[in-house]
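Please walk through the fold of the chain shown below, with attention to its charged pairs and to one of its helices.

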Amino acid sequence: MSEHLSECCVSVPSSRNLIETVSQRFAEFCVAIVDDGMEKTFKFIDGEAVVRAVGRGILMRVVATDVISYYGIRTALEGSILKLTALEPEEFAWYPAGESPFAAVGRVHPSLDEVHEREKLATAEVHHKRLTAGTLDTHSNHQH
């Protein structure tokens, strides 16, 4: 079922709540919904959409047997998210994907958790440098 396959990553607050709300909206269109906690798979006759909550956003993967089903699923997913958030349509950048889930967006967008950790480290490093510089100035002032 992987003739048409792509992935997308968007930053949104309260990603788990958003996925739950999308799930409620999609329920009437799906054949089945598989929920494993952090990820939901929406199964359709000719495809599926997988939505996973990550740090400060969501990852999406759409797979379909034909181009019409692919764009139908993708458009319904985007439309549901756009209706519930302040995102702009331009923020949805879809990338061709392979068999390994979310590998495509991982190459293009580092994990939102990784970005957050790097930001925290950079902030701590700047704070440490300022503190060290302030300590050196204090010592030189006491010696005079």
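Is aspartate 35 buried, partly exposed or exposed? At 45% relative accessibility, aspartate 35 counts as partly exposed, where buried means under 20% relative accessible area, exposed over 50%, and partly exposed in between, with a 1.4 Å probe and protein chains only.

This is a predicted model, in which local features need pLDDT of at least 70 and side-chain atom pairs count only at pLDDT 80 or more, while totals for chains, interfaces and linings use all residues. Residues are numbered from 1 along each chain as its sequence is written, and side-chain values use heavy atoms, with hydrogens and water left out.

The protein chain has four helices and six strands; helices (H or I, at least four residues) and strands (E, at least two) are DSSP runs, numbered from the N terminus. Read from the N terminus, the order of elements is β-α-β-β-β-β-α-β-α-α. The protein chain has 144 residues, and 34% of them count as buried. Its accessible surface comes to about 8,900 Å², with 56% belonging to carbon and sulfur atoms; these areas come from the Shrake-Rupley method with a 1.4 Å probe, and for residues only the protein chains shown count as cover. Among contacts (heavy atoms within 4.5 Å) with a separation of 6 or more, 60% are between residues 24 or more positions apart.

Next come the charged pairs. Side chains of opposite charge can pair when their charged atoms come close. Here a salt bridge is a side-chain nitrogen of Lys or Arg within 4 Å of a carboxyl oxygen of Asp or Glu, and by this rule the count comes to six salt bridges. One of them joins the side chains of glutamate 7 and arginine 61, at 2.3 Å from N to O. Glutamate 7 lies in strand 1 (residues 4-11) and arginine 61 in strand 5 (residues 57-64), so this pair ties together parts that are 54 residues apart in sequence. Glutamate 7 is buried, with a relative accessible area of 0%, and arginine 61 also counts as buried, at 7%.

Aspartate 35 forms a salt bridge with lysine 40, the closest N and O atoms being 2.7 Å apart. Whereas aspartate 35 is partly exposed, lysine 40 is buried, with a relative accessible area of 5%. Glu20, Asp35 and Lys40 are linked in a network of salt bridges.

Arginine 52 and glutamate 39 also meet through their side chains in a salt bridge, at 2.6 Å from N to O. This pair links distant parts of the chain, with arginine 52 in strand 4 (residues 47-54) and glutamate 39 in strand 3 (residues 39-44), 13 residues apart. Arginine 52 is partly exposed at 29% relative accessible area, and glutamate 39 is buried at 16%.

The last stop is helix 2. The buried residues of helix 2 are Ser69, Tyr70, Ile73, Arg74, Leu77, Glu78, Ser80 and Ile81. Seen down the axis of helix 2, they fall within an arc of 160°, so they line one face of the helix; the arc is that of the directions from the helix axis to the C-beta atoms. These buried residues pack against strand 1, helix 1 (15-26), strand 3, strand 4, strand 5 and strand 6 (94-96). The face turned away from the buried side of helix 2 carries the exposed residues Ile68, Thr75 and Lys83.
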